[in-house]
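Please read the points below alongside the sequence and the model.

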Amino acid sequence: MIHLKNVEKVYRTSSIETLALSNINLHIQKKEFVSIMGPSGCGKSTLLNIMGLLDAPSQGTMELDGNPVNNFQDKALARLRNEKLGFIFQSFHLINDLSVLDNVEIPLLYRRSSARERRLLAQQALEKVGLSNRMSHFPRQLSGGQKQRVAIARAIVGRPEIILADEPTGNLDSAMGNEILSILQQLNSEGATIVMVTHDEAMAKRTHRLVRLFDGSQVL
Amino acid sequence: MIRHLFKLIWNKKGAHSLLIIEIWASFMVLFGVLSLIIYNFTNYLQPIGFSYDRVWVVDLSNNQDTVGVAAKNQRIFDMISAYTEVESASRMSNNTPFSANQMNNNVTYNKISAVPDMYETDDNLYETLDLKLLAGRWYRKEDQVSKFRPVVLNKVLAEKFFQDENPLGKILSKEDKKPFKVVGIVDTFKAKGEFMSNAPAIFVQNESMSDWVQPILIRTRPGTDATFEARLVKDIAALAPGWGIEVSYMTESRQNRHKLTLIPVIIFLIISGFLLTNVALGLFGILNLNISRRRSEIGLRRAMGATGWNVTLQILGEMWTLSLFSILIGLLFAVQFPLLHVFDLAAGVYLWAMVAALLTIFVIVTLCAWYPGQQAARIHPATALHEE
Ligand SMILES: Nc1ncnc2c1ncn2[C@@H]1O[C@H](COP(=O)(O)OP(=O)(O)OP(=O)(O)O)[C@@H](O)[C@H]1O
Ligand SMILES: [Mg+2]
């Protein structure tokens with residue numbers, strides 16, 4: 001599904017050069033649930049960004065379904081992100097001026113779909129994360145756990161095959177974190193491929209496979 | 001997407017209220033200025049109705065001299081008419097073309113009453129000013145014996161009184177004075193110049209022009225110059241010592257009239273130009289600030305599948321929605337002008353001004369939002385999503 005070959009990422013600013021990733025070779029199978037762990041600054045988010053087509057590797061190739069995406073234009077990348085990928089972030093990234101339902105609809109705005117269809121899919125996604133009773137609330141009226149569930153609903157509303165989660169439980173207490181992980185496990189059992197960055201060993205143990213990074217390199 | 005933009009704006013309407021007020025105010029100012037410009041322009045497109053090249057106006061004043069004024073008037077006029085340099089001369093009331101004087105009077109036909117500009121003239125004016133007759137004839141000497149005073153109307157006045165009926169021969173009443181009889185119709189007569197509206201006008205025969213000191217209009221032959229003017233003044237002074245004599249060229253008074261109309265328009269334009277520039281700069285600043293505040297939202301949208309162009313379009317779309325909002329409020333005010341007849345302007349003028357103001361606002365807003373929209377599209381999603 002996702003195949004990284006000899007991936008290297010260097011951040012260059014005018015004065016410094018940071019090697020964020022080096023020589024990463026990673027193959028993620030369909031329907032796998034993989035967790036990524038490592039100390040802060042070791043390149044976990046960078047790796048997830050590359051897998052999510054939000055950033056391009058400096059060296060090496062990133063393949064999605066066997067197709068190298070290195071030379072894809074903005075439009076093609078946007079389309080892949082929209083159709084194949086769902087994102088979940090540590091800080092939720094909900095739009096405060098939009099209701100829960102409108103937040104969940106966002107990915108559908110960037111593809112052909114009618115307003116009714118959007119509404120229906122968003123309602124279904126919210127049902128799945130157990131928030132059907134909060135649809136017209138605004139983000140500031142929700143708890144952290146509820147916010148993350150909205151973000152999950154937004155990530156799955158477009159029925160992507162892959163979900164990329166960057167520390168989805170990082171801002172939550174362990175009870176809420178467990179709840180979120182259960183939802184992800186449920187989605188995985190229904191067929192979604194999931195890559196999750198985490199700092200929590202216990203969480204990582206509940207996934208199929210653990211990838212450890214240290215200073216930009218794979219150590220496991 | 002439009003619904004989405006609407007929600008986004010609506011839910012933030014508090015934060016946007018200042019912008020809405022600014023755009024609304026700009027719209028109103030533009031509506032005012034453009035109404036003025038369109039009004040003057042549509043007027044300008046209508047023919048002035050007479051020819052003023054080579055026409056001079058001789059303004060006389062008898063000052064303290066009260067002896068034999070009528071005879072002196074007649075002699076001066078006869079002398080002027082006899083010059084070879086003069087093609088045609090005519091006497092009329094003080095409201096000569098392009099002058100500051102105005103005169104109007106109430107005239108009634110069949111309970112329809114109007115207050116046209118009224119010009120009392122002799123029989124030559126038609127020739128001196130080269131008026132365009134549409135029907136009938138100009139009044140002449142023989143009309144003086146009639147029990148009616150002959151008049152010539154312009155087309156708008158004739159239409160007001162008679163609609164489709166033939167106006168010729170119709171009798172108009174004028175309070176307790178000798179009634180008027182319509183003998184001819186001229187097209188337009190915009191005595192105050194091209195920028196004047198085509199207002200109702202009536203020409204009335206005055207058979208006793210010599211009784212009062214009246215302006216004399218002279219159509220000179222081509223090539224007549226200031227030497228003749230000097231001679232003219234000298235000859236008049238010889239006939240009527242002590243009188244004030246002032247010769248003006250209609251081409252010059254026309255220019256002065258135009259300035260009188262155009263200067264306020266230009267001043268308005270400059271003021272509103274400053275105002276709009278200010279609003280535009282403000283808008284630009286607010287948008288730039290807005291975008292730096294919304295980096296994570298933009299990053300998120302990119303992650304969810306928005307292209308760079310989608311992001312630009314969103315910024316533009318939000319501004320268009322906001323403008324539409326403000327303009328709708330503005331239109332509520334603007335439609336009052338034609339509905340309540342606040343000024344005596346045709347509804348079409350206001351309508352065009354609304355359309356033009358709307359388009360101008362959209363152009364300005366688009367220009368202001370374009371660069372920030374492009375900047376927003378260039379935000380790197382991975383970076384934007386990891387700030388905060
Ligand atoms: N946009 C950027 N420009 C320059 N350097 C960057 C940029 N993004 C990340 N880095 C650097 O790359 C390295 C890896 O960063 P990354 O965010 O991937 O770490 P991380 O493993 O996600 O850390 P954390 O656990 O704290 O989230 C860090 O040294 C970081 O400073
Ligand atoms: Mg990180």
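1. Chain A holds an open sheet of 6 strands in the order β6-β7-β8-β3-β9-β10, with mixed pairing, where strands (E, at least two residues) and helices (H or I, at least four) are DSSP runs numbered from the N terminus, and two strands pair if DSSP finds at least two bridges between them. The edge strands of chain A, β6 (85-89) and β10 (217-218), each pair on one side only.

2. This is a predicted model, in which local features need pLDDT of at least 70 and side-chain atom pairs count only at pLDDT 80 or more, while totals for chains, interfaces and linings use all residues. Residues are numbered from 1 along each chain as its sequence is written, chains are lettered from A in the order in which they are written, and side-chain values use heavy atoms, leaving out hydrogens and water.

3. Turning to the two chains, the contact (heavy atoms within 4.5 Å) takes 27 residues from chain A and 26 residues from chain B. B:Leu300, B:Met304 and B:His386 supply 24% of the area that chain B buries against chain A, more than any other three residues, buried area being the accessible area (1.4 Å probe) that two parts lose on being put together, summed over both.

4. Between chain B and chain A there are 3 salt bridges, each a side-chain nitrogen of Lys or Arg within 4 Å of a carboxyl oxygen of Asp or Glu; B:Arg302 and A:Asp74 meet in a salt bridge at 3.1 Å, N to O.
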